[in-house]
Amino acid sequence: MIKCGECGYENMDGLDYCDGCGGKLAAGDASAAGGTKAEAPAATPAAETKPETPAAEAPKPSEAATGEIKPEVPASAETAWAQGASSGQPAGATAAFKAKLSVVRGGRKGQEFPLEDGNNLVGRWDPETGSFPEVDLDADDPEAKISRKHALIRIEGSKITVEDIGSLNGTYVNRQPRLSPGNPVEVKSGDEIIIGKTFLKLTVEPIA
């Protein structure tokens, strides 16, 4: 028999917890009570000695739920960016017009570049990464005055903006002062955009 040190209840040999008060039975209680089976506690089934197991597993559902939600945020953000949607514009919204850039000086005069809804990168083909900007001026820039990633033209609803993105030789609109990198400027049909030494004209036409 094993005598409980908490309440004095005499328990059967082989128990780890007191049947009287539920307290932990000391290993030495068996010898104190005259017991002779010191090895009995080791033979006790694990299932009977771990009542805390369900509680330890309880946090798992919340952890799983957290892990499922977080990866979805960047995925949806990347989808919106690929569609050219701004933070305040519903996904899938398209402009009610078509826009294009035409080379008027400093390159292949008359060459046209249709602009897409959303983001249009202006620059030159990058052989290292293999990326092509929507407005690829590589053939119009023999002196390499245009940066690989020079400017960004964005179409959002009825608004068109141009933004310098840290180019070496700058971006200009209607021969005004050089644009400050990271500050988009709204443009309209007929405006002149200078990229390096290439002069481009923006043309906007309504969709019939």
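Lys100 is partly exposed, with a relative accessibility of 23%, where partly exposed denotes the range between buried (under 20% relative accessible area) and exposed (over 50%), computed with a 1.4 Å probe on protein chains only. The structure is a predicted model, in which local features need pLDDT of at least 70 and side-chain atom pairs count only at pLDDT 80 or more, while totals for chains, interfaces and linings use all residues. Residues are numbered from 1 along each chain as its sequence is written, and side-chain values use heavy atoms, with hydrogens and water left out.

Lys100 forms a salt bridge with Glu112 at an N to O distance of 3.0 Å; a salt bridge is defined as a side-chain nitrogen of Lys or Arg within 4 Å of a carboxyl oxygen of Asp or Glu. The two residues are 12 residues apart and link distant parts of the chain, Lys100 lying in strand β3 (residues 97–105) and Glu112 in strand β4 (residues 112–115). Strands are DSSP runs of E with at least two residues, numbered from the N terminus. Glu112 is partly exposed at 42% relative accessibility.

A salt bridge also joins Asp138 and Arg124 (3.7 Å, N to O). Asp138 lies in the loop between β6 (135–136) and β7 (149–156), and Arg124 in the loop between β5 (118–123) and β6, 14 residues apart. Arg124 is buried, at 12%, whereas Asp138 is partly exposed, at 33%. Arg124, Asp138 and Asp141 are linked in a network of salt bridges.

In the pair Glu156 and Arg154, the closest N and O atoms are 3.9 Å apart, forming a salt bridge. Arg154 is buried, at 16%, and Glu156 is partly exposed, at 27%. The count comes to 9 salt bridges.

Terms used. Helices (H or I, at least four residues) and strands (E, at least two) are DSSP runs, numbered from the N terminus.
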